Amino acid sequence: MSEQTPADTVTLPLFPLRNIVLFPHMAAPFSAGRRLSIATLEAAAASEDKQFVTATQRDATVESPGPDDLSAFGTRAAIKRLARAEETVEVIVEGLERVHIDAVEQADGHLAARVTPAPVTLEPGPEADALQRELVDLAGRFESLSPQFATLDVNALLGHVQDPMHLVYLLGVALGLDGERARQLLEASGQLEAMRLLHGYLSQEYEINKLRREIAGEAESQMGREQRDYMLRQQLKAIQKELGQEEGGTSETDTLRQRLAEAELPDAVRQDGERELARLEGLPTSSPEHPVVVNRLELIVDLPWQRRTEDNLDLGRAREVLDEDHFDLSDIKERILEHLAVLRLNPEAKAPILCFVGPPGVGKTSLGQSIARALGRRFERLSLGGMHDEAELRGHRRTYVGAMPGRIIQAVRRADSANPLLMLDEVDKLGRDFRGDPASALLEILDPAQNHEFRDNYLDLPFDLSRVLFITTANTLDTVPGPLLDRMEVVRLSGYSDEEKLQIARRYLVARQRGQAGLTQAQLVVPDDTILTVVRRYTREAGVRELERLLGRLARKVALRLGEGREAPEAIAPADLRGMLGAERYQPEEARKELPPGVATGLAWTPTGGDVLYVEAIRLPEDGKLTLTGQLGEVMKESAQAAQNWVLSQGERLGLSQPRAGIHIHVPAGAIPKDGPSAGVTMAAAVASLYSGRPTRSDTAMTGEITLSGLVLPVGGIKEKVLAARRAGLARVVLPQRNRSDLDDLPEEVREDLEFLFAERIDDVLRAVVPDLLAETAGTPAKGPFSEQRQSVG
């Protein structure tokens, strides 16, 4: 049995509206962007009468509304004009009558509604007449307060309206009701109910606009012809006074006041903050000073003026943490433990300012992180490399646009502790130009006698940096200014030997790369001989940075094999490296088997460790002329001149032939710049060998500075140079006598593999490296475990 419907019930396309209502007898423009809405309009436009139904969504955020999402009452409308754009349809429609939506259904890609006319019940009588007259009178008074009513000329429109509901709907449109109140007005079933609703809405809007006019008049009377921003500020104060919030400020000011009250601040800092807050309350938000004051106040309350982390003074745990993170480095670990021991006895002791100096990749930065973990302090790092503007450290003055605090204060702010560990990387790469000298700014920051009242230009308040543990890093001290270097305790980190790299890789690097690749211990096994092959054939560095990258590449190769379903090798053998890492990058360093007269073996320090270099000399036909090649620096050129002149002055004693012949000294490789005094003994040996016609020993390398009186002076970089000699397979090393104590820094296995001879004069060097040149016996080798075992080369 089919459902019976009334004769006046019709089914029309349904257009869901969001936040607006179409009233009967009213015309309005619509824009349809949803596919559902566009399909509705196209269906209506295709019909003969071009009619459809509008209904307002209860929740405007719903994209595909259903029956429960729509109002129960809507408006039957007709399309008067329709225009299609690229993605939307623009229409002008006219509301015809109020309808009740009986049912909603899907029809050809759009919604359709079965509707029944639902005219509002007219209720003539004294109350209806009184309400109608009150609405007309209220609308007339409201027209003088509302620009929108004045534009519509509501009084002229009302004179042509006879239907009471037409009047209600017209005033509802003119009032600009929001979606919810307009929907309630359309759903009103009786004339009196609709008039009462509209009267309430109109009265409320009238009172609001009347109050706004009074507030505006009060503000205008107070300020006269002041600027517009001042007028707006006075209006805001008047609004706050009317709402009973005269004592309050903006939410931003209230928040800052609360944070300032809760922060633990010194008295002088709190007074300054309160003055700034009072100043902020009188500034308009449009003022350029407003964000500057806000940012400074936020910096004041954020800084840890009195917040500190408690140092972990357990020496046993600190030693365990340092040993867990780093292999060897006993001197540095001992220095940190000394500081902890002092803090246990004197908690007010000043923190040391350490400077870690060493080649790249030896663990300077990671060592700082380990120290912070051992102490229980927070760690922050900032790089000084390439910094030219001292304002980056001291902060910019607030008079500049875009002013910011200095990076030191910002780092303390991030650490949220008054005693963090701040690591200043690359202190040797600071710049200097017309904007200032950052190294000079560091003089105050790193001076315990001054930094207890460090004053950042932006903050302009004294902040105590004396509790901060500063650690700087550098690759070389040559470019660090003397006054700055004087404030730091220098701790040198030399390059690692092959055996030390093996231990570091075995204990730390392989495990770390295995974890980053997501492999288990059984899936990635790298034996010691494989690690040593990678160290010797694929890397040439003082640290372990490239070694770790190559181990990571091995881990990724294994992960790729597993990802492709292939079996991973049980262990990576040295023979597998070529297929996984490519061809060997470096051949093993080997000393020259035979040296002709005029060639001597020297040792050099480089930022990446030590290296073996050969000084080559040949005779020239010109008398006394000295030619130097190989990109030698000024100091090295002077060493060559001193070596030649000393040999010439000793020519008769040394029994040299043609002592006045010119020579050409070359130091390969020619593309690499070289400088320093430590090649002096090598050049003297090469010149003496050339003039005497006797070759130097091919198994012996040497280093040391010389003087014209024949003395051999001490030099630096002994550890790196000795490691380079060992890598090259040399058996003997000649060092200055005053460098004897530097052998204590060498690993035990290195001291056992090499024979060391110490020289006080150039004669001692020549006896050791140019056999039979001098009648006296060769110099006495150093005694101890490092001279008991000799390694023969060639």
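Over which residues does the pLDDT stay under 50, with 43 contacts beyond four places in sequence in the model? Those are residues 776-794. Keep in mind that you are looking at a predicted model. Across the protein, the pLDDT averages 82, and 88% of the residues score at least 70. Another stretch to treat with care is residues 245-249, where the pLDDT is below 50 and the model has six contacts beyond near neighbours in sequence. Where pLDDT is low, the predicted coordinates should not be read in detail.

Now let's turn to a pair of helices. Two packed helices are described by the angle between their axes and the distance between the axes. Take helix α12, residues 315-325, and helix α13, residues 330-345: they pack at an angle of about 160°, and their axes are 10 Å apart. Angles over 145 degrees count as roughly antiparallel, so α12 and α13 are roughly antiparallel to each other. Their crossing is right-handed.

Which residues make this contact? From α12 come Leu315, Ala318, Arg319, Leu322 and Asp323, while α13 brings in Lys333, Glu334, Ile336, Leu337, Leu340, Ala341 and Arg344.

Finally, look at the loop between α11 (289-302) and α12, where you will find aspartate 311. The side chain of aspartate 311 makes a polar contact, at 2.8 Å, with the side chain of arginine 377. Setting aside neighbours within four places in sequence, aspartate 311 is in contact with Leu343, Leu375, Arg377 and Asn419.

Methods. Residues are numbered from 1 along each chain as its sequence is written. This is a predicted model: local features need pLDDT of at least 70, side-chain atom pairs count only at pLDDT 80 or more; totals for chains, interfaces and linings use all residues. Side-chain values use heavy atoms; hydrogens and water are left out. Axes are lines fitted to C-alpha atoms, for helices over the stretch in contact, and angles run from 0 to 180 degrees between N-to-C directions. Helices (H or I, at least four residues) and strands (E, at least two) are DSSP runs, numbered from the N terminus. Angles under 35 degrees count as roughly parallel, over 145 as roughly antiparallel, 65 to 115 as roughly perpendicular and the rest as oblique. A crossing is left-handed if the near helix is turned anticlockwise from the far one by less than a right angle, and right-handed if clockwise. Contact means heavy atoms within 4.5 Å. pLDDT is the predictor's confidence in each residue, from 0 to 100. A polar contact is a pair of N or O atoms within 3.5 Å; within protein, one must be able to donate a hydrogen and the other to accept it, and residues adjacent in sequence count only if both atoms are side-chain atoms.
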